[in-house]
Amino acid sequence: DMLDPERLIQCPLVKHHWIRARRFPYHLVKCKESNPEIAKKLATCPFNARHLVPQADLSNHIMKCNDKAFVEQDVVSRSSESSQEQLNNGSTWQAPPSAEDWETGEELTHLLPLPGQCEPS
């Protein structure tokens, strides 16, 4: 089971290292520090930092990475939430009445309040 924290995962840096899934992220950090020459040859997947692949294979991995779908789904979900939120939180601001009538070309100053007067509610 992929979600089992006790399952064993092979280290991508040192093939004879087998680590429990729950400890894997910590192991990767330590193993990179202990094996800098091997780590230099590997690239980290942009969709899952647990995926270390040879640098030459990174673009191929990116095309096939199963975690890419989760990231893309999350991006789409967030952008639609953001758009919906903008619609829901739309501005209540309204433009004040114009001082001119575009149909006749006349100024309608009699409709605007005089300076210092409040507009009726």
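This is a predicted model: local features need pLDDT of at least 70, side-chain atom pairs count only at pLDDT 80 or more; totals for chains, interfaces and linings use all residues.
1. Basis. Local features need pLDDT of at least 70 and side-chain atom pairs 80 or more, while totals for chains, interfaces and linings use all residues. Residues are numbered from 1 along each chain as its sequence is written, and side-chain values use heavy atoms, without hydrogens or water.

2. Salt bridges. The structure holds three. Each is a side-chain nitrogen of Lys or Arg within 4 Å of a carboxyl oxygen of Asp or Glu.

3. R20 and E6. Their closest N and O atoms are 3.5 Å apart. R20 sits in strand 2 (residues 18-20) and E6 in the segment before strand 1 (8-10), so the pair ties together parts 14 residues apart in sequence. Strands are DSSP runs of E, at least two residues; helices are runs of H or I, at least four; both are numbered from the N terminus.

4. R22 and E6. Here the closest N and O atoms are 2.7 Å apart. R22 lies in the loop between strand 2 and helix 1 (24-34), so this pair ties together parts 16 residues apart in sequence. Shared partners join E6, R20 and R22 into one network.

5. E37 and K40. Their salt bridge spans 3.2 Å, N to O. The two are three residues apart in helix 2 (residues 36-40), about one helical turn.

6. Largest pocket. The lining has 16 residues; M2, R7, N48, H51 and D67 lie nearest the centre. A pocket is an open set of points on a 1 Å grid over the protein atoms alone, where a 1.4 Å probe fits, with protein on both sides within 12 Å along at least five of seven lines; lining residues have an atom within 4 Å of a point.
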